[in-house]
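Please look through the points below with the structure open beside you, taking each pair of charged side chains in turn.

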Amino acid sequence: MLQLSKLQCMRTLASVDDSYELCRQVTASYAKNFYLGTQLMPEAKRRAIWAIYVWCRRTDELVDGPGAAATTPETLDLWEKRLESVFAGHPHDDYDVALVDTLSRFPIDIQPFREMIAGQQMDLYRSRYETFEELNLYCYRVAGTVGLMSMSVMGVGESSSAANWNWHWGNRIPKEEAIALGIAKQLTNILRDVGEDARRGRIYIPLEDLALFNYTEEDLFNGVIDNRWRELMRFQIQRARKLYASAEPGIKVLSPDIRWTVWAATMLYSRILNAIERNQYDVFQKRAYVSNSQKLLCLPAAWMKSKVL
Ligand SMILES: CC(C)=CCC/C(C)=C/CC/C(C)=C/CC/C(C)=C/[C@@H]1[C@@H](COP(=O)(O)OP(=O)(O)O)[C@]1(C)CC/C=C(\C)CC/C=C(\C)CCC=C(C)C
Ligand SMILES: Nc1ncnc2c1ncn2[C@@H]1O[C@H](COP(=O)(O)OP(=O)(O)OP(=O)(O)O)[C@@H](O)[C@H]1O
Ligand SMILES: [Mn+2]
């Protein structure tokens, strides 16, 4: 469904509403946490996020999905050319129709999308990161950019209109916070998926951090859990939590009608770190996740935060 489709020139493309419905279905099936978050948003912004989510998911699937073995740098170059035509108003398939419509309604820049592709390109040729600085660039590209894309739709300031871009009157654009939240989520995702990524020969945790705790790549591939591993994971979790904390002041600058969503998305994702701790840092045999009951309990707390913080 999400594979690169040939230009659907033989038949008319989906209507705008049908395309948004397709994007809603993909978001609901691939990302229950994000989908739940979008349910707390106004309709116009919710649909735009679904359209952006699908483009991001398709881009990720090119490198991480079932057809990834066939993906080459040329595939991603083609995908970027399609991105440019979408930004020029020319959809290639039914999914693109919603994104073209979203781009006509919100002030969204193409650059974060290009950088997302550059981040996925890194997954084609890199399976190790020597330093956190290198990993941070990867996380910015695949996740920090999602923060920038989402913020273009969410808007800032006090007015609650769909396109409440009133920063002309001094509302600060919390770009750094949006990027920080994306990177914090990516670091969380990396810690949750250590075992899954190791089975694919990938280590995202910086090698300088492994060395700091005298933990080797071989230990990681063998799933060794001892005090070295627990200290290394505590260090990683602390770094992710610091980034979540640095993003939080930016949420109150966002448009009031989406603050609940962003608090909920932040709390839901950061609770994965708590789950890793509850699992005694066993990310090799156990999958850290937030239960549905825990997710639902986050919602009133997120609502309160959106009103007072
Ligand atoms: C409600 C809400 C937060 C909407 C954002 C939804 C959206 C457009 C998400 C796109 C996610 C995606 C598929 C990106 C492709 C690359 C990738 C997979 C990134 C990782 C996401 C998690 O995906 P998943 O859990 O499905 O992981 P697996 O592939 O299954 O392993 C990432 C961890 C990136 C997530 C980053 C964000 C959602 C950005 C959050 C930042 C904001 C919403 C900005 C808020 C603004 C301020 C000022 C704080
Ligand atoms: N047991 C599992 N094994 C492998 N992958 C899983 C497993 N459970 C969930 N996933 C995948 O991992 C991702 C995270 O799952 P989780 O339930 O934490 O959140 P989600 O439903 O994906 O919501 P979001 O993607 O917004 O975090 C999902 O994309 C899901 O498809
Ligand atoms: Mn997911």
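1. Arg241 counts as partly exposed in this predicted model, because its relative accessibility is 32%, which lies between the 20% limit for buried and the 50% limit for exposed. Its side chain meets that of Glu277 in a salt bridge, with 2.8 Å from N to O. This pair links distant parts of the chain, since Arg241 lies in helix H12 (residues 227-251) and Glu277 in helix H13 (residues 256-278), 36 residues apart. Glu277 is likewise partly exposed, because its relative accessibility is 28%.

2. Salt bridges that share partners also occur, and they join Asp64, Asp123, Asp197, Arg200 and Arg202 into one network.

3. Is Arg47 buried or exposed? Arg47 counts as buried, because its relative accessibility of 17% falls under the 20% limit. Arg47 forms a salt bridge with Asp17, in which the closest N and O atoms are 3.1 Å apart. Here, too, distant parts of the chain are linked, with Arg47 in helix H3 (residues 43-64) and Asp17 in helix H1 (residues 16-30), 30 residues apart.

4. A salt bridge also brings together the side chains of Arg82 and Asp93, at 3.1 Å from N to O. Arg82 belongs to helix H4 (residues 73-87), whereas Asp93 sits in the loop between H4 and helix H5 (94-105), and the two are 11 residues apart. Both Arg82 and Asp93 are buried.

5. For the model as a whole, the count comes to 28 salt bridges, and the pairs discussed above, including Arg241 with Glu277, are examples.

Key. Residues are numbered from 1 along each chain as its sequence is written. Chains are lettered from A and ligands numbered from 1 in the order in which they are written. This is a predicted model: local features need pLDDT of at least 70, side-chain atom pairs count only at pLDDT 80 or more; totals for chains, interfaces and linings use all residues. Side-chain values use heavy atoms; hydrogens and water are left out. A salt bridge is a side-chain nitrogen of Lys or Arg within 4 Å of a carboxyl oxygen of Asp or Glu. Helices (H or I, at least four residues) and strands (E, at least two) are DSSP runs, numbered from the N terminus. Buried means under 20% relative accessible area, exposed over 50%, partly exposed in between (1.4 Å probe, protein chains only).
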